[in-house]
Structure formats: structure tokens, C-alpha cells
Protein chains: 2
Amino acid sequence: MKKTITQLSDGRELIYFDERDDAVRSEVDARHLPPPPKASELRYDPLVDEWVAIATHRQSRTHLPPEDECPLCPSTPERHTEIPAYDYDVVVFENRFPAFSHRFPSAPPTAPTPLVPARVGVGRCEVVCFTPDHDASFASLPQRRVRTVLGALADRTSELSALPDVEQVFCFENRGEEIGVTLRHPHGQIYAYPFVPPRALAMLGAARRYADRTGRILLADVLAAERAARVRVIAGNEHWTAYVPAAARWPFEVHLVPHRHVLDLAGLTDQESSAFAPVYLDVLRRCDALFGAPLPYISAWHQAPVRHPDRALAYLHLQLTSVRRAAGKLKYLAGSESAMGAFVNDVRPEDAARLLRESKP
Amino acid sequence: MKKTITQLSDGRELIYFDERDDAVRSEVDARHLPPPPKASELRYDPLVDEWVAIATHRQSRTHLPPEDECPLCPSTPERHTEIPAYDYDVVVFENRFPAFSHRFPSAPPTAPTPLVPARVGVGRCEVVCFTPDHDASFASLPQRRVRTVLGALADRTSELSALPDVEQVFCFENRGEEIGVTLRHPHGQIYAYPFVPPRALAMLGAARRYADRTGRILLADVLAAERAARVRVIAGNEHWTAYVPAAARWPFEVHLVPHRHVLDLAGLTDQESSAFAPVYLDVLRRCDALFGAPLPYISAWHQAPVRHPDRALAYLHLQLTSVRRAAGKLKYLAGSESAMGAFVNDVRPEDAARLLRESKP
């Protein structure tokens, strides 16, 4: 894999991850772009002790453009996109409408009330293009490309973890208009947060309490229990197991967990990285075959927070969740989930696992 | 207000709350209904230390029936609905597809793995019909009806809080198909949970830390700060203030807070209950006028947990949130919100407040 760092015309970084080591990336972004927006504002919600980002420039972000205006396709002689090259393997670049950024505003935000501190939404948001093929999907990628994507995510995890103020690197893919995707071209995103997000904090808290009680690593034991129970396991190989967690909160939820206790993507060995592709592709293809239509999903890499004292208790895993509960029906986060955080799942995890095992891609 | 307790043909309770003290409710449910489903199963998610309900019977719940099959309209001589009467003011009845119930299964659930304890989803779920008028909305109700609804919710809060195992009573309204409403007839719901839900617990934790630090009640001080700042206040009177919280996480989010520190709806005085209607109706009508179309929303009453030792630190308030961020555009809970719990709000709270103040119903 060859990494080439370039800049777009507005100063944003764009990085090629090429599968050929002799790739030459000399294309120049010929567009005249306005300067990128300044960092957003973080406000502290005292009612639950959490930070919220206020990013007003995102209101005007590109929204479901027609295919011939897709900003993630390669450029052509006639049309300049976000990617200056006429072809690419995997490309990562700074999001044009970032929730977090190191471009500081001229003045720091002021606290709206004494109980609501505010600060700059420092950090970084990146877009990850998986393929130049607009009509592809992650599930349709060859194994080698999945390996390249994983390499790119590992690289970005290392680089972004080294940035000042970054506390958590979160790699994810939103797929499907049902969950609000605004660009159809297959792509993922990376958020480098300046705080440990609530769910990461909740997982770390649970892992700490478990370690205090047992001296053991929580997800290692959860994984061992799922492998022993077998009934919710979907797929796996020597290095990874994919299962529906016993307390799944979504109609279809799959966790992909490496067998070795690894903290983040940068910590995977070459073998582990290569072994991920067949298991994940198998799961994704089963998902798409479930209802005979592309399954809307969120695919989320949970990694160890960058500097948290309990970092070593975290355990890398991918959480794949779908809002589809039946053909033509979605699970919505309404009152109980959205306002109270209490999930009601209409599908028994063992049934979801069986359906996924029986699903024939 | 006159309360009449009756039973449906399958044993579920149905309660009329009538505005006329001489109302007679002798109608009998003539349907032959199958027995209600048994209670769901709760499973403990060890990764974040939270309970999840698995309620498979909800998969077959009534989904957007045509108007002439609406189960929440009054009955007619020709058609029997969930409400036997030919007219009503406010009716509360046990949900036919409950997430929680006191109808125990013949055997308790067994733990799917040693790390995931399971127990019966004991509790209760109720439906609250606000009006017999299928085409009405909460915003279109007269003030007197709002007062009756509030009285019914206060009654249910008292009654459900007294049930064994109930730890939290949550009254809410989901409005709009955009957030997954499956019945169009104006109605709310009540969930009596057998655990303190995650957001209630988070609020109580923040209130405890604030009390330890200052000796004061958190939301009382937040309210005072918002009233002093004024810039995010939408409406109010002697007893209530409605404002966009300074760290709002939704494009449109309004909190309605009583000026007196009250723990739950049962604790409101008559004056406070009566004073709620004009403020809430004003806010709802401004919401519907924002985009010239009914705003999808979740309206959530946050009440003190029933038996938690820090119950006295909680503070009743209504949280109204909308996923609409612009005409034709919704805010989705995608990767950051859904998988990480980190909210990015595209609308500045002060702008949302200004838009709501300028909105002309």
C-alpha cells in the first residue's frame, strides 16, 4: 500500500492509499474553492454532563446530488470533483462540512450561560472513499480492497490520535437513505473527537467495573461466552467472530470482534487485517440478501479512547446495526429510545442470528 | 374530572377521564379478543450496563391502518374499536402490544450467557387518547382538554408508581410518521419501566454531582439562567417557561419547565396544571407554523424516578424535540449520534429560538 499526501485547493488534506506501490499522484485540484469553515462550537449540556457540537455550516452541506454531480467520483477532464485524480483505490480527505476541525475561529465561543461552558470544536472529520465506482457498495468490494480500506483506517487512527486535543477516533460507514445518507457514492467517515463520546465512556465504565470485580477484560469474556453459546454466531475464522449480541438493541445488530485483545485498528497484525475481509463481506452480503434489498446500516468501529487512563480496558470491535425490522418497516428511535435511552427490540437476537445464517447471498 | 375504570374483553384495563362529572360509562367491549401477550424479556447489556427489552410480539403491531379501521376512534354501532364508547374526552388503556406488562410468562427467561442476565419485562404500557377526533392534533386541542390530559397523566403517574417493580413512569407523545408513528389518531403513551432508563439515570447523576458541589438543584439553576439570558426563551407565564436549551441536541428542541421545583406530574398544583396549557399550545402551534406543515416531534415528560434514593434531586420538565432541520430535510441519528451518543446539531439554539418566536401560527 502506497500513501500519498496531497492538498486540495482550499488547503484541505487529501490522501491516496494505493494498492500499487508505483502509483504516481500528481494531479492538482484546479477548482477555486472558498476557504473551509472554521471549527464548530462545543457546548456542555449540564443536564447529563455531555458535550454537544453546534455546527451550523453543516445545514448547507451537499444533499443527495444527482449522479453526474457526485463529489466523490473521480474527476474527469470535464468535471472536477473532490478527488482530483481520474481514478483511485482508496482516498481519504478532510470533510468540507466538518463537525470538528483544527481551523480555529478568530475568537473562541463564549458560554451561553454560566452553567453551559463552550469551547472550540477542535478535531477533524474525514471522508473515506472506498472505490471510484459510484454504484458499488462495501459488500461488493473485493477482499483486497477491504484490506486497503482497513489499512487506511489504521493509518488515520494513528495519525489522528497524535493530533493535539483528539480524545477518540471513530471510523464508521452510514449506508442507505433510510438513515440519512446524503451522498450515495460508497464512502465512510472518520470523526476525531476532542472528548470521549458518551457511548465510549459508558463502555469504558462498564469495562472498569468488570475489571475491578474480576480482574478480567469484559469484551474478551463476552466474546468467549458467545463463541461457547454458538446460537448467535453468524460467521468467523481463526481471527474474528461475528455474532448477534445477546442483548442486541437493534432488529439486526452484529458485532465483529477480533479474537486477540486489540485496542484499536492500528494494533491489528497483518494476518488479523487480512482475515477481517472475508468475515465482514460474508456478513454484509447476508445482510443485503435478508430482504432482497440493500440493508440500511451503520457500521461503527469502537476503538480505545486515545488518552483515557482506562484505555487498556477497551477492546476493538465493529458494531453493525440496521434500522430495518422487516421488509418495508423500519425501527425508529421514538420516545423510549430517543428521550429515555431505553431500547425495545422487536426481534429476538437468536432469531436475527438464524435469519442471517440462513440468508443466501 | 370524573374517572371511570372499566375492562376490555381481553382483561386489559380502560379508564375514561371525563370532563363532565355526570358522565356514565356503561358500554361493554363486545369484541372477542385473544388474550394479551405475556410480558417481554429484559436482557442486560454488559457492554454498557443497561437493560434492553426484547418484545417480539410487537413485530405484528397495527401499522398505519386506514382511517376507517383506526383502533383509537370511538366505537360506532357498526364498528368496535379499542374504545367501546361512542364518544369520549380522554381515554387511557393498556397497550395491546406492550413492551412491559404484569402478565407473567409461565416460565421466567433464562440468561442467554452468564454475562447477560435476563428477567421478565414487568411493568405497564398504556395508550392515551387525547380526543375522539381522528384528524385533530394536540396543538388543536382546547385548553380545557389539555388540562384533562394532564390530569389523566398525573393520575396514571400516581397509580403506576404504586405498582410493584415500577421504577420510572414516562409519559410521551410521538407525533408524525417521520419518527415512526404507526397510528395517526392523536394519542400519547405511558411506559412504566421496571428500571431507571439510561437518560433518567444520567440526569440524576448530573443532578447529584451538582448538588454535591453546590448544595443546589441543577434544573432550578439552569431554568434561572435561561430566564435571565432571555435569548432562548420562547414563551411563558407565571408558572412555566419554555426555552430552547443552550446545549440543544436537536435542530428544534424546547424545554417546558415549571417555576417551582416539582418532582412529577402528580406534584403539580391545580394552578400549575391549568397554566401549562396556554404555554404548551403556544409552543406547539409555533412549531407547526415553522415549515407550514405539521412538525414531527417527540414530547417527553421527564419525571423523578419512583424509588431512587436521589429522587428528590430530579425536576419535572417536558422535552419537546423534532427531527426536522429544514423544509424537506430531517436530522437523522447516524453514526455519531447512534453509535457514539455524540450529537452534532446543525441549528444554533439561539437561531431556533428566534425562528420559533417569529413563527406566526
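**From the pair of chains to one helix packing**

Modeller: This is a predicted model. Start with the whole.

Now the contact between the chains. Chain A gives 69 residues to it, and chain B gives 69 residues. On the side of chain A that touches chain B, helix 3 of chain A gives the most. Helix 3 spans residues 218–229 and gives 7 residues to that side. By class, that side of chain A has 44 nonpolar, 13 polar and 12 charged residues. Of the interface residues of chain A, 100% are also interface residues in chain B, so the copies meet through the same surface.

Next, go inside chain A. The domain assignment gives domain 1 (2–197) and domain 2 (199–358) of chain A. Taken over C-alpha atoms, the centres of these two domains are 24 Å apart. How many residues of each domain are in contact with the other? In chain A, 28 residues of domain 1 are in contact with 31 residues of domain 2. Look at the side of domain 1 that touches domain 2. The elements that give two or more residues to that side are helix 1 and strand 8 (168–175) of chain A. Helix 1 of chain A gives the most, with 10 residues. By class, this side of domain 1 of chain A has 14 nonpolar, 9 polar and 5 charged residues.

Now zoom in on helix 1 itself. Two packed helices are described by the angle between their axes and the distance between the axes. In chain A, helix 1 (residues 143–161) packs with helix 4 (residues 270–290). Their axes are 9 Å apart, and the angle is about 120 degrees. Angles from 65 to 115 degrees count as roughly perpendicular, and those over 145 as roughly antiparallel. Helix 1 and helix 4 of chain A are therefore oblique to each other. Their crossing in chain A is right-handed.

Which residues meet there? From helix 1 of chain A come A:Gln143, A:Val146, A:Arg147, A:Leu150 and A:Gly151. From helix 4 of chain A come A:Ser273, A:Ser274, A:Phe276, A:Ala277, A:Pro278, A:Tyr280 and A:Leu281. This contact in chain A divides into 7 nonpolar, 4 polar and 1 charged residues.

Finally, turn to chain B. Here the axes of helix 1 (residues 143–161) and helix 4 (residues 270–290) of chain B come within 9 Å. They cross at roughly 120 degrees. Helix 1 and helix 4 of chain B are therefore oblique to each other. The crossing in chain B is right-handed. On helix 1 of chain B, the residues in the contact include B:Val146 and B:Leu150. On helix 4 of chain B, they include B:Phe276 and B:Tyr280. The contact in chain B divides into 7 nonpolar, 4 polar and 1 charged residues.

Key. Residues are numbered from 1 along each chain as its sequence is written. Chains are lettered from A and ligands numbered from 1 in the order in which they are written. This is a predicted model: local features need pLDDT of at least 70, side-chain atom pairs count only at pLDDT 80 or more; totals for chains, interfaces and linings use all residues. Axes are lines fitted to C-alpha atoms, for helices over the stretch in contact, and angles run from 0 to 180 degrees between N-to-C directions. Helices (H or I, at least four residues) and strands (E, at least two) are DSSP runs, numbered from the N terminus. Angles under 35 degrees count as roughly parallel, over 145 as roughly antiparallel, 65 to 115 as roughly perpendicular and the rest as oblique. A crossing is left-handed if the near helix is turned anticlockwise from the far one by less than a right angle, and right-handed if clockwise. Two residues are in contact if their C-beta atoms, placed from the backbone, lie within 7 Å. Ala, Val, Leu, Ile, Met, Phe, Trp, Tyr, Cys and Pro count as nonpolar, Asp, Glu, Lys and Arg as charged, and the others, Gly among them, as polar. Domain bounds come from an automatic or database domain assignment.
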